[in-house]
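This report describes one protein model together with its ligand. Please look over the sequence and the structure below before reading on.

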Amino acid sequence: RQSFQFHRTSSFGAKTGRVPVGIGRRRLRIVVTGGAGFVGSHLVDKLIDRGDEVIVIDNFFTGRKDNLVHHFRNPRFELIRHDVVEPILLEVDQIYHLACPASPVHYKYNPRVGAKFLLTSTSEVYGDPLEHPQKETYWGNVNPIGERSCYDEGKRTAETLTMDYHRGAGVEVRIARIFNTYGPRMCLDDGRVVSNFVAQAIRRQPMTVYGDGKQTRSFQYVSDLVDGLVALMEGEHVGPFNLGNPGEFTMLELAEIVKETIDSSATIEFRPNTADDPHMRKPDITKAKELLNWEPKVPLREGLPRMVSDFRNRILNEDEGKGN
Ligand code: UDP
């Protein structure tokens with residue numbers, strides 16, 4: 001059974017009238033799975049802004065209509081409530097696959113179609129890395145039976161399937177390995193460190209540092225990621241490519257920056273760490289720089305304030321909602 005079919009027919013260009021977009025380019029019809037989510041909705045903004053047609057498929061498991069409401073009156077935008085594990089027939093040119101079902105990867109697609117397929121994989125494929133920083137050639141250090149392995153191994157399997165379709169069926173594919181990303185529209189309470197610290201500092205609660213706080217992560221602002229995804233889709237190279245900001249911080253350093261940004265009286269509180277937490281993570285982005293001509297532009301100290309204003313508004317609305 002094919003659970004995910006996207007068709008691009010030869011009549012597609014005629015159907016859309018080959019409307020020129022920018023200089024010498026026709027309008028593309030693009031599917032973004034998970035387009036109501038944090039990263040997906042920013043990607044949709046960019047694709048709509050540049051003049052393309054966008055179809056979002058989202059089951060709203062973690063995505064929110066609020067993230068897309070500003071496009072609802074746009075005739076170039078469509079939103080379908082749909083779970084990507086079920087079949088759907090659409091005629092499109094490109095597929096950005098951002099939807100990430102919690103279950104093992106169920107997506108498949110008709111290899112005859114001709115749509116370009118971009119998989120958003122993750123830095124978690126490197127597990128608790130023994131190589132630092134991580135290059136795309138590193139095979140990773142993942143515990144196959146751990147609490148995080150459903151995500152890590154799921155994405156590793158997704159990469160495997162993507163490459164199998166590429167090699168075996170000639171599907172044009174792209175693979176991005178996304179490192180920790182933050183920005184406006186991030187879920188308030190899904191437990192990521194940046195969203196936790198920012199929401200806690202705004203609510204005047206202590207910031208919860210897991211473990212000793214000396215583990216490191218590299219935080220990328222969402223607009224840099226979106227630029228990288230589009231450069232990857234449009235470029236000639238399959239990847240995988242690391243998309244992340246090489247600026248590396250301990251969780252204690254991050255807490256300090258959040259404190260400086262939001263509230264100088266913010267405090268921290270230590271909590272036990274989760275199992276199999278990677279000790280360090282930092283992308284080597286040499287490959288993306290050379291082959292995609294991409295590198296992040298927004299450092300943490302610039303990106304964080306942009307996220308904080310969005311969080312303040314949403315937390316304020318939430319509190320008002322509770323009062324009603
Ligand atoms: N973390 C933390 N406090 C929190 C949430 C997370 O100290 O409230 C730590 C977590 O243990 C991990 C790091 O922050 O070492 C990044 O966690 P996150 O879930 O944001 O991303 P991932 O582990 O997937 O990189």
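Phenylalanine 60 is placed in the loop between β5 (53-58) and β6 (77-81); helices (H or I, at least four residues) and strands (E, at least two) are DSSP runs, numbered from the N terminus. Although phenylalanine 60 is not a glycine, its phi is positive, at about 60°. This residue counts as partly exposed because it has 13 C-beta neighbours inside 10 Å. By definition, a residue is buried if 20 or more other C-beta atoms lie within 10 Å of its own, exposed if 12 or fewer, and partly exposed in between, with C-beta atoms placed from the backbone.

The structure is a predicted model, in which local features need pLDDT of at least 70 and side-chain atom pairs count only at pLDDT 80 or more, while totals for chains, interfaces and linings use all residues. Residues are numbered from 1 along each chain as its sequence is written.

A positive phi also occurs at arginine 185, a residue other than glycine, where the value is near 80°. Arginine 185 belongs to the loop between β11 (181-182) and α4. It counts as buried because 23 C-beta neighbours lie inside 10 Å.

| Residues joined | Omega | Loop holding the proline |
|---|---|---|
| Histidine 132 and proline 133 | about -10° | between β9 (116-122) and α3 (149-169) |
| Glycine 239 and proline 240 | about 5° | between α5 (222-234) and β15 (241-243) |

The protein as a whole has 8 helices and 17 strands. It comprises 324 residues, of which 39% count as buried. Of the contacts between residues at least 6 apart in sequence, 77% join residues at least 24 apart; two residues are in contact if their C-beta atoms, placed from the backbone, lie within 7 Å.

Which residues are closest to the ligand? They are Arg192, Val193, Asn196, Thr208 and Tyr210, within a shell of 15 residues. A residue is near a molecule if its C-beta atom, placed from the backbone, lies within 6 Å of it. Two or more residues of the shell come from each of α4 (193-202) and β12 (207-210). The largest contribution is that of β12, with 3 residues. Sorted by class, the shell contains 4 nonpolar, 8 polar and 3 charged residues. In this scheme Ala, Val, Leu, Ile, Met, Phe, Trp, Tyr, Cys and Pro count as nonpolar, Asp, Glu, Lys and Arg as charged, and the others, Gly among them, as polar.
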